[in-house]
Amino acid sequence: QVQLVESGGDLVQAGGSLRLSCAASGSIFSINVMRWYRQAPGKQREWVAVVTSGGSTMYADFVKGRFTISRDNAQNTVYLQMNSLKPEDTAVYYCNANVRTSWGNNTDYWGQGTQVTVSS
């Protein structure tokens with residue numbers, strides 16, 4: 001089994017910053033892409049950013065220039081640095097990882113989510 005554990009969510013004022021972390025553990029051979037998603041109340045879950053095993057990144061338009069995704073392959077951890085936060089960034093943030101397990105399967109895993117609340 002593989003577990004993803006997010007941390008770093010908090011209440012912050014508009015214009016502030018937060019750094020989310022997501023650590024993967026368990027029967028991991030390697031991790032391919034790692035992604036962040038978010039889900040605001042009453043809305044569907046939406047993709048935020050992705051980082052490949054080689055470090056290439058892509059972002060949703062609504063976070064470009066404000067959020068930075070990065071990863072530490074040695075620690076099987078992905079980060080999301082969020083700057084210039086807006087009230088509309090309020091959501092539960094989830095990490096997702098495509099993992100090649102020790103027994104050879106490629107499977108997507110999800111974390112439990114971490115709450116980010118941005119006050120105006």
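C95 is buried in this predicted model, with a relative accessible area of 0%. Its partner in a disulfide is C22, which is also buried at 0%. The structure holds 1 disulfide and 4 salt bridges.

**The disulfide**

- A disulfide is a covalent bond between the sulfur atoms of two cysteines.
- In this model, C22 and C95 are joined in this way, with a distance of 1.8 Å from S to S.
- C22 belongs to strand β3 (residues 18-26) and C95 to strand β9, so the pair ties together parts that are 73 residues apart in sequence.
- The link of C22 and C95 is right-handed, with 40° about the S-S bond.

**The salt bridges**

- R38 and E46 form a salt bridge in which the closest N and O atoms are 2.8 Å apart.
- R38 is buried, with a relative accessible area of 6%, whereas E46 is partly exposed at 30%.
- Another salt bridge brings together the side chains of R66 and D89, at 2.7 Å from N to O.
- This pair links distant parts of the chain: R66 is in the loop between β6 (57-59) and β7, while D89 is in the loop between β8 and β9, 23 residues apart.
- Both R66 and D89 are buried.
- A network of salt bridges links R38, E46, R66 and D89.
- D61 and K64 also meet through their side chains in a salt bridge, at 3.2 Å from N to O.
- D61 counts as exposed, because its relative accessibility is 64% and the cut-off for exposed is over 50%.

- Most residues other than glycine have a negative phi.
- The position of N76 is in the loop between β7 (67-72) and β8 (77-82).
- S84 is found in the loop between β8 and β9 (91-101).
- With a relative accessible area of 42%, S84 is partly exposed.

Note on methods. Residues numbered from 1 in each chain as written. Predicted model: local features only at pLDDT ≥ 70, side-chain atom pairs only at ≥ 80, totals over all residues. Heavy atoms only, no water. Helix = DSSP H or I, 4+ residues; strand = E, 2+ residues; numbered from the N terminus. Buried < 20%, exposed > 50% of the residue type's maximum accessible area, 1.4 Å probe, protein only. Disulfide = S-S within 2.5 Å.
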